[in-house]
Amino acid sequence: MTSVIVREHGGPQQLVLGDDPGRAPGTGEIAVLVAAAGVNFIDIYQRSGAYPMQLPFVAGSEAAGTVESVGAGVTDVAAGDHVAWAMVAGSGYTERAIVPVDRVVPVPDGVGDEVAAAVMLQGMTAHYLCEATYAVQPGDVALVHAGAGGVGLLLTQMIVHRGGRVISTVSTPEKAELSRDAGASDVLDYGGFAERVRELTDGEGVAVAYDGVGQATFEGSLDSLRPRGVLALFGAASGPVPAFDPQVLNSKGSLFLTRPTLGHYTADRAELVHRAGEVLDGVARGWLDVRIGGRYPLAEAARAHEDLAARRTTGKLLLIPS
Ligand SMILES: NC(=O)c1ccc[n+]([C@@H]2O[C@H](COP(=O)([O-])OP(=O)(O)OC[C@H]3O[C@@H](n4cnc5c(N)ncnc54)[C@H](OP(=O)(O)O)[C@@H]3O)[C@@H](O)[C@H]2O)c1
């Protein structure tokens, strides 16, 4: 069994192929032949040590594939079933993963394993952001940064599906076209975006800013909000936001600032099944489109990390084990 293993924290070169015979699934676990693994920013943070991990570890945490065998006590999943998961450390970049059965969801008929792997983590993130962190209502205007990214494209479609309007930011004309195709009514450059958002909302500002870019956009996101608006700071693709005085939230309009993470919005099985189910159902019904922006063999995991970090990508990157 071949996996991408991190033995020391550091740059992309720390993603190294390794072989081991694998093991049988234990109680409550299943063994899955991985068809596709998702590449996410969290994988970069875990590789670099920004999120320290116990070494060595198999990189990645999101994948989909076919159940090969099940361990003791597993009754609701059987060999041959197609399943998907996200946020299961040590079970992504590998040919065969051992996964706790309570962390997987079934892949519905009509949805391929690649698409399922592509949509789990970013799809559930987009889902909790617009359903729970700030529940978008019909007529709400939302600002979505990195509108052509993995989360950005899915979040835009979900907001529009809920009756909201999306103003997005992107860095290139090609990304602007993708964001518009996903449903954004207005697509902006990053330069001076807060002023443009004011103009586009008749001076009022947006109800919510979804900001996964972080350092480069944080101030502008606050300046884009209407009074009592919500800044959902869910990532830091451009770097972490420096220390912040909460008094600013008062002076800019009694604003709300939250720093949410997927783990807290899928903490129990019922919530995980709810979010994954709605995302995969959206794909199956055809209103939610998943853009796979790149496929790489396991041996090129380092290149996938470099491309994602260098903002060369759109949509979702996948590793395909074989
Ligand atoms: N909190 C959570 O639950 C959660 C879950 C999943 C992901 N996230 C976060 O969400 C964000 C988006 O994740 P994703 O996987 O969907 O990535 P992505 O949006 O596909 O890629 C990141 C994008 O951010 C933009 N960006 C702006 N400045 C950047 C910079 N200096 N360096 C790199 N990128 C920059 C780029 O788009 P442009 O070129 O158009 O600017 C880039 O393509 C990340 O911060 C990630 O950590 C958070």
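How many nonpolar, polar and charged residues does the shell around the ligand have? Keep the question in mind while setting up the view; the model is predicted.

The ligand sits in the largest pocket. Helices H1 (41-48), H2 (113-133), H3 (150-161) and H10 (301-309) are the elements that each give two or more residues to the shell around the ligand. Colour H2 next: this helix gives the most to the shell, with 4 residues.

Now colour by domain. Domain 1 (2-120 + 268-320) and domain 2 (137-259) each supply at least three residues to the shell around the ligand.

Hide the rest and show the shell alone. There are 30 residues around the ligand, and those that come nearest are Tyr 128, Ser 171, Lys 175, Tyr 190 and Gly 212. Colouring the shell by class answers the opening question: 16 residues are nonpolar, 11 are polar and 3 are charged.

- Tyr 128: a polar atom of its side chain lies 2.7 Å from an oxygen atom of the ligand. Tyr 128 is also among the residues that come nearest to the ligand.
- Gln 122: here a polar side-chain atom and a ligand oxygen atom lie 2.8 Å apart.
- Arg 311: an N or O atom in the side chain is 2.8 Å from an oxygen atom of the ligand.

Definitions and conventions:
Residues numbered from 1 in each chain as written. Predicted model: local features only at pLDDT ≥ 70, side-chain atom pairs only at ≥ 80, totals over all residues. Heavy atoms only, no water. Near = heavy atom within 4 Å. Polar contact = N/O pair within 3.5 Å; in protein donor to acceptor, adjacent residues only side chain to side chain. 1 Å grid on protein atoms, 1.4 Å probe; cavity = no way out; pocket = protein on both sides within 12 Å on 5 of 7 lines; lining within 4 Å. Sits in = over half its atoms within 2 Å of the grid points. Nonpolar A, V, L, I, M, F, W, Y, C, P; charged D, E, K, R; others polar. Domains from an automatic or database assignment.
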